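Colleague: Please take a close look at the pockets of this model, and in particular at what lines them.

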Amino acid sequence: MHQPRRFADLAAAVQAEGLTPRGALMLDDRDRNDADLPGEARWLLLLGGVGGSLWPSFSLSPELADEARDPLDRWSLRIISGLAEDLGGWALFPFGGPPYRPFLRWARAAERLESSPIGMLIHPHHGLWHAYRGALAFTAAPADWQPATPTPRPCETCADSPCLSACPVEAFSAAGYDVARCRAHLATPEGRDCMEGGCLARRACPVAPGLAYAGPQAAFHMRAFRGG
């Protein structure tokens, strides 16, 4: 099957599989060199989730049920590879390296995102509750696609940065993110709230609190982060 001519058709195919279109961009020589892309690739559609959008599909998947390692990566690989085959594109992923493809750079270009004080990319409407699971590359952009326009930067108007003060072990600071301190806290009884409900710093962000991951999804991601 050839690439659909309309962006709306691409979006519908992606959403039918439980994923969300996460912005798109035209590729240049830097992208092809850095990411080892096919020479014919000219346009990239990022795929992922917003809030709990991918959880209904993933939670019923054989990858989650088989209790093997990396279920979300394996689910993403199967779903996005299938979309690439059906739609006539190439499937790309942020995992499986090194080397790793420049998904954070692509995300900044595709949706004009910025880094939050805790390091995660913040979206003006989705806050910190969004993720990228892969991308589809095509030889051309659909005729009805429009590049992203500049968006508000929510952190610039956030006076007291509650995300920085919410962590109970002060894992976030001007020096960066202390991953070891965070993981050590999660292994203690005091870390139960973070383990079951998700990172307190992330939950403190005032942008889009209604998109915060529900209990099962939050706990899944925290277990994956802690490594067990």
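Modeller: The residues lining the largest pocket divide into 28 nonpolar, ten polar and ten charged; here Ala, Val, Leu, Ile, Met, Phe, Trp, Tyr, Cys and Pro count as nonpolar, Asp, Glu, Lys and Arg as charged, and the others, Gly among them, as polar. This is a predicted model, in which local features need pLDDT of at least 70 and side-chain atom pairs count only at pLDDT 80 or more, while totals for chains, interfaces and linings use all residues. Residues are numbered from 1 along each chain as its sequence is written, and side-chain values use heavy atoms, with hydrogens and water left out.

A pocket is an open set of points, on a 1 Å grid over the protein atoms alone, where a 1.4 Å probe fits, with protein on both sides within 12 Å along at least five of seven lines; lining residues have an atom within 4 Å of a point. The volume of the largest pocket is about 1,800 Å³, counted as the space filled by probe spheres set on the points, which are joined across faces, edges and corners. Of its 48 lining residues, Arg133, Arg202, His221, Ala224 and Phe225 lie nearest the centre. Helix α11 (215–226) provides the largest share of this lining, eight residues. Helices (H or I, at least four residues) and strands (E, at least two) are DSSP runs, numbered from the N terminus. Other elements supplying at least two lining residues include β2 (43–50), α5 (71–87) and β6 (130–138).

The second largest pocket has a volume of about 220 Å³. Its lining has 15 residues, with Gly23, Ala110, Glu111, Gln146 and Ala148 nearest the centre. Two or more of the lining residues come from each of β1 (20–26) and α6, and β1 gives the most, four residues.
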